[in-house]
Amino acid sequence: MAALTNTSDSTAINAALDQEFIANFQHDSDRLAEILGIFGTETLAAGTTIKMLKITGTLNNGKTEGTQVGATGTGAVTLGSSSGTSYVEGDEVALSKFSAEYEAVAEVFGVPYRKMTTANAIQKSGYVNAVLKTDQKMLSQVRGGVVSDFFTFLGNGTGTASAKGLQAALATADATLGDKLEDNGDEAGRIIHFVNRQDAAAYLGTATITDQNVFGMTYLQNFLGVSDVFLTNKVTAGGLYVTPVENIHFFGLDFGSLDSAGLSYATDASGLVGVAHSPAYNRVSVETNVLVGCKMFPEVKDYIVKGTISAK
């Protein structure tokens, strides 16, 4: 007898599971992107090298190559310069040299994970507990891996600051970052702060705050006189990071080439994560296959300041 029309078979159920996993991940990532003000994800091909940027250079309004500074002549006017040199009217304007040095830090590849749920587990605990709830646990750890990678990149930052107590350390780190931005003729729309949750615990007990969970981190809009604070155990106790919001980028993986090769994942448009649920009849189980393409990346290493909460 032929199957009834509109029967919810295993293929349909697995497709629904794929979409639920993606929707949950995308909800988390969209909320983080909304807070950060990131309105797009850059899609990269597998194997693309991502690079951190270091900007160097200073203005020069002094002498040009082969020209004597302070050369005199009828009617010559000398203009002062903060660099200690001067420009002579009518002389050739000196060149100012700026450079952007790139340092390769990682190649973009999908990170694969696989979970297998046996038929016995499904029959004993039910489909929701055996598959859906363990998918949720898998999702939270996938998300945690993305955040861990981000903090590894933050560790390449060149700025440092130290002060006694969390509040002073935050203020000093902000000031250090502000000085660096000003030196480069740049500015930040907002500064994002990342703090160890235990370092903030003493202040949280006495403060009236509104917090929310965002991508596995606790987000505080205003805390100890600064805005946009994320609390996470991915930051080592006694340390903190600050960086401009404009310095944080989201990268996603191009899943198109995998699909053409027969590796078909359900994915969102940004390529942040791909998911495929499938029966594994040879093991009487159901597999959850996840390929993570999401990268959070701080691009300019000079615009990352690592603060230290000193004892004195």
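Leaving aside neighbours within four places in sequence, Asp135 is in contact with Phe21, Lys115, His277 and Thr288, where contact means heavy atoms within 4.5 Å. This is a predicted model, in which local features need pLDDT of at least 70 and side-chain atom pairs count only at pLDDT 80 or more, whereas totals for chains, interfaces and linings use all residues. Residues are numbered from 1 along each chain as its sequence is written, and side-chain values use heavy atoms, with hydrogens and water left out. Asp135 has its place in helix α3, and because its relative accessibility is 6%, Asp135 counts as buried; buried means under 20% relative accessible area, exposed over 50%, and partly exposed in between, with a 1.4 Å probe and protein chains only.

The protein chain as a whole comes to 6 helices and 18 strands, which are DSSP runs numbered from the N terminus (helices are H or I with at least four residues, strands are E with at least two). Of its 312 residues, 39% count as buried. Among contacts between residues at least 6 apart in sequence, 76% join residues at least 24 apart.

Seven of the strands can be followed together, since 7 strands form an open sheet of mixed pairing in the order β7-β18-β12-β8-β11-β10-β9, two strands being paired if DSSP finds at least two bridges between them. β7 (159-164) and β9 (211-214) stand at the edges with a single partner strand each, so one side of each is left without a neighbour in the sheet. Neighbouring strands of this sheet are turned by 25° against each other on average, direction ignored; here axes are lines fitted to C-alpha atoms, for helices over the stretch in contact, and angles run from 0 to 180 degrees between N-to-C directions.

Within the sheet, strand β8 (residues 191-195) pairs with strand β12 (residues 239-244) in the antiparallel sense over 5 bridges, while 3 bridges join β8 to β11 in a parallel run. Phe194 has Tyr241 as its bridge partner in β12 and stands opposite Phe230 in β11. β11 is largely enclosed by the rest of the structure, because 5 of its 6 residues are buried. β10 and β11 pair in the antiparallel sense over 5 bridges, with Asn222 opposite Ser227 in β11, and in their hairpin, which has 2 residues between the strands, Leu224 takes a positive phi near 55°.

Helix α3 (residues 127-154) lies across β8, β10 (217-223) and β12, running at about 110° to β8, whereas helix α4 (residues 166-183) lies across β7, β8, β10, β11 (226-231), β12 and β18 (305-310), at about 35° to β12.

In soluble globular proteins, nonpolar side chains tend to be buried together. The largest nonpolar core here has 50 residues, and those with the most contacts inside it are Leu32, Phe151, Phe194 and Phe230; such a core is a set of buried Ala, Val, Leu, Ile, Met, Phe, Trp, Tyr and Cys residues joined through side-chain atoms within 4.5 Å. The largest share of this core, 9 residues, comes from α3. Apart from it lies another core, of 22 residues, among them Ala161, Leu181, Ile191 and Val195.

Ser310 is found in strand β18 and, not counting residues up to four places away in sequence, touches Ser162, Ala163, Lys164 and Gly165. The side chain of Ser310 reaches the backbone nitrogen of Lys164 at 3.3 Å.

Note on methods
Polar contact = N/O pair within 3.5 Å; in protein donor to acceptor, adjacent residues only side chain to side chain.
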